[in-house]
Amino acid sequence: MDPAALQQENAALRRMWEQHPAEHLDTYLVAGIEDPRLNIQSILTRALLADSLFPGRFEALINEELRFGVVLTWLHEQLAADANRDALRDAICYEKAAHLPAVITDAARWLETDACPLVHYLELALDPPPESAPDQLMPERALNVFAEVWQRELAGLTAPRLAVLEVACGSANDYRAIHACGLAPFLDYTGLDISAKNIANALARFPGVAFRAGSILDSGLPAGAFDVVCAHDLLEHLSAAGGATALAEMVRLARREVWLHLFNTKPDGAHEIVPRESYHWNLHSRTALLADGRALGCAADLIELAPLLQHKFAFAGHPNPRAATLLLKKSAPRSAL
Ligand SMILES: C[S@@+](CC[C@H](N)C(=O)[O-])C[C@H]1O[C@@H](n2cnc3c(N)ncnc32)[C@H](O)[C@@H]1O
């Protein structure tokens, strides 16, 4: 990327994200259905971390947590649309209504069986919010169910530590859930974000963690410094040249894998790079993303969220049918990197 254009883009991105007050940055992407405890792509990141550390061991738990994400996201949407809590409880727990998605009734039935090791998170989620937080649609103890399960499951296990770089880490948005579920001690985690306000927020929560301000366009980090490099919702906001630079840089920094979550994709064609204010709001092509990854020497795969949930839970109502995750594997270290 042309160095002047790169500096211009960094300055514009910094301005764009720094315009928000620190308190807003700290909260706005971890609330409602963006909450990483519910968000399917956040659950996927934690699943990929757990599976990298303990291959195959947690397949069943990962599926349970994905279902939890689907179920609580659906419930959150009902509550946000002012659905009556008691009527929902009757419908879900006592099957007093038709037309609930099968994933909801199946989950409720499973949670009621003696064989189910989980607390009945649907019942917990339907409890009224505490008086101290009337705007919170679901109680914390419902949202924290899987953090507690993971903590129990991971306690006492050992594995070689995984060096992870999270680009666009925000105010430790995903790291909060990574930490809460007990994955952090298995990681050498670094968070990178262009907004100094985000990094200050992240460090206020986690003083000892390597959160650093910087841009993925010119990170200055050494090649192959991390086993895994991941990002949520970054490419959507970069120029064409910026996106290509960011992807190449993530591949350069990764020894093994890059996981790139996007909230806005289309099946094929060219990427649609759409300037908005001083950043972008892009629509990426899934076939072009795969081609981009392969052109960087990686084995590339793509998870489309809506079909994944349809396949796993026969659920067709994912709130973001355009979300997809690009998975890149570096088959062998390349001398050019
Ligand atoms: C849409 S937010 C996503 C935040 C977080 N990943 C999440 O999903 O909640 C995009 C984030 O990318 C950061 N960002 C934008 N451009 C960047 C760049 N070039 N390098 C590093 N971070 C960047 C912003 O500061 C912001 O925190």
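**View 1. Residue classes around the second largest pocket.** The lining of the second largest pocket has 11 nonpolar, three polar and seven charged residues. Here Ala, Val, Leu, Ile, Met, Phe, Trp, Tyr, Cys and Pro count as nonpolar, Asp, Glu, Lys and Arg as charged, and the others, Gly among them, as polar. A pocket is an open set of points on a 1 Å grid over the protein atoms alone, where a 1.4 Å probe fits, with protein on both sides within 12 Å along at least five of seven lines; lining residues have an atom within 4 Å of a point. This is a predicted model, where local features need pLDDT of at least 70, side-chain atom pairs count only at pLDDT 80 or more, and totals for chains, interfaces and linings use all residues. Residues are numbered from 1 along each chain as its sequence is written, and side-chain values use heavy atoms, leaving out hydrogens and water.

View 2. A nitrogen atom of the ligand lies 2.6 Å from a backbone N or O atom of Ala168. In the side chain of Asn173, an N or O atom is 2.8 Å from an oxygen atom of the ligand.

**View 3. The lining of the largest pocket.** Among its 49 lining residues, Leu29, His232, Asp233, His237 and Phe263 lie nearest the centre of the largest pocket. By class, the lining of this pocket has 27 nonpolar, 17 polar and five charged residues.

Notes
A polar contact is a pair of N or O atoms within 3.5 Å; within protein, one must be able to donate a hydrogen and the other to accept it, and residues adjacent in sequence count only if both atoms are side-chain atoms.
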